[in-house]
Amino acid sequence: LELRRDASLKLDYSGVRDELAAMGIARPTALDVSNAVCRLRLRKLPDPAVIGNAGSFFKNPVVSTEQADSLQQNNPRMPVFNTDQQNSRKLSAAWLIEQCGWKGFREGDAGVSEKHALVLVNFGHATGAELWSLAQRIVHSVEQKFAITLEPEPRIIR
């Protein structure tokens, strides 16, 4: 493993610049950025030591600029982010899931975090099949409402 000591820092993750400012850091180091991201994640995501989860379960979808513009016309509050490619935009999977009513959903021991709609949680004894079934229901509802297919972030082993 080879790491550069002079690599540029990526501060585009939502809230990182604000968190660094709140920490009183104007010229961050890699360690400062890491600490800021950890602080943000502790506030936004459930702690896996307290409740079982795999972190963000779905990738943020990348769509054409035309599709993003069309969706945003019907959903003015929908967050849309630029990508490195000129004709594409990134959408918030969490926002899409939340609009479908899944945030805080629980069925048995499988559920969606109350803190963040991207996080599937295991409240105790949910099986992998139950969590996968819930994930597929979420994917289906987002497809029905927005014509966007969400993809899982973690590698799925069957």
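**A bridge and a sheet**

Find which residue of strand S6 is the bridge partner of Arg106, and then place the strands concerned in their sheet.

*Solution.* In this predicted model, the bridge partner of Arg106 in S6 is Gly111. This pair belongs to the contact between S5 and S6 (residues 110-112), where two bridges join the strands in the antiparallel sense. Helix H5 (residues 128-146) packs on the sheet and touches S5, S6 and strand S7 (119-122), and its direction makes about 40 degrees with that of S6. Next, consider the sheet as a whole: it is open, has four strands in the order S1-S7-S6-S5, and its pairing is antiparallel. Strand S1 (52-56) and strand S5 (106-107) are the edges, and because each has a single partner strand, one side of each is left without a neighbour in the sheet. As background, strands of a sheet pair through backbone hydrogen bonds, either parallel or antiparallel.

**The neighbours of strand S7**

Work out how many bridges join S7 to S6 and how many join S7 to S1, and name a bridge partner for each pairing.

*Solution.* Take S6 to begin with: three bridges join S6 to S7, and the two strands run antiparallel. Within this pairing, Val112 has Leu120 of S7 as its bridge partner. S6 and S7 also form a hairpin, with six residues between them. Now turn to S1, which pairs with S7 in the antiparallel sense over three bridges; here Gly52 has Asn122 of S7 as its bridge partner.

**The surroundings of Val121**

Decide whether Val121 is buried or exposed, and describe what surrounds this residue.

*Solution.* Start by locating Val121, which is found in strand S7. The cut-off for a buried residue is under 20% relative accessible area, and since Val121 has 2% relative accessibility, Val121 counts as buried. Its strand is covered on both faces, with Val119 and Val121 buried on one side and Leu120 and Asn122 buried on the other. Leaving aside residues up to four places away in sequence, Val121 touches several residues, among them Pro46, Ile51, Gly52, Ala110, Val112 and Leu131. To compare this with a residue elsewhere in the chain, take Asn75, which is 46 residues from Val121 along the chain and whose C-alpha atom is separated from that of Val121 by 28 Å.

*Solution.* Looking at one pairing in detail, S3 and S4 are joined in the antiparallel sense over three bridges, and the bridge partner of Asn82 in S4 is Arg89.

Determine which residues of H3 are buried and which exposed residues lie on the face turned away from them.

*Solution.* In helix H3 (residues 65-74), the buried residues are Thr65, Ala68 and Leu71. They cover an arc of only 130 degrees around the axis, and therefore lie on the same side of H3. Their packing partners are strand S2 (62-64), strand S3 (80-82), strand S4 (88-91) and H5. The face turned away from this buried side carries Glu66, Gln73 and Asn74, which are exposed.

**The largest pocket**

State the volume of the largest pocket, and find which element supplies the largest share of its lining.

*Solution.* The volume of the largest pocket is about 820 Å³. The pocket is lined by 26 residues, of which Tyr13, Ser14, Asn60, Phe81 and Leu118 are the closest to its centre. Helix H2 (30-44), S3 and helix H4 (93-99) each supply at least two residues of the lining, and the largest share, three residues, comes from H4.

**The whole chain**

Count the helices and strands of the chain, and state what percentage of its residues count as buried.

*Solution.* The chain has five helices and seven strands, and from the N terminus on these elements follow the order α-α-β-β-α-β-β-α-β-β-β-α. Of its 158 residues, 34% count as buried. Finally, among the contacts with a separation of 6 or more, 52% are between residues 24 or more positions apart.

Technical notes. Residues numbered from 1 in each chain as written. Predicted model: local features only at pLDDT ≥ 70, side-chain atom pairs only at ≥ 80, totals over all residues. Heavy atoms only, no water. Pairing = 2+ DSSP bridges. Contact = heavy atoms within 4.5 Å. Axes fitted to C-alpha atoms, helices over the stretch in contact; angles between N-to-C directions. Buried < 20%, exposed > 50% of the residue type's maximum accessible area, 1.4 Å probe, protein only. Arc of directions from axis to C-beta. 1 Å grid on protein atoms, 1.4 Å probe; cavity = no way out; pocket = protein on both sides within 12 Å on 5 of 7 lines; lining within 4 Å. Points joined across faces, edges and corners; volume = space filled by probe spheres on them.
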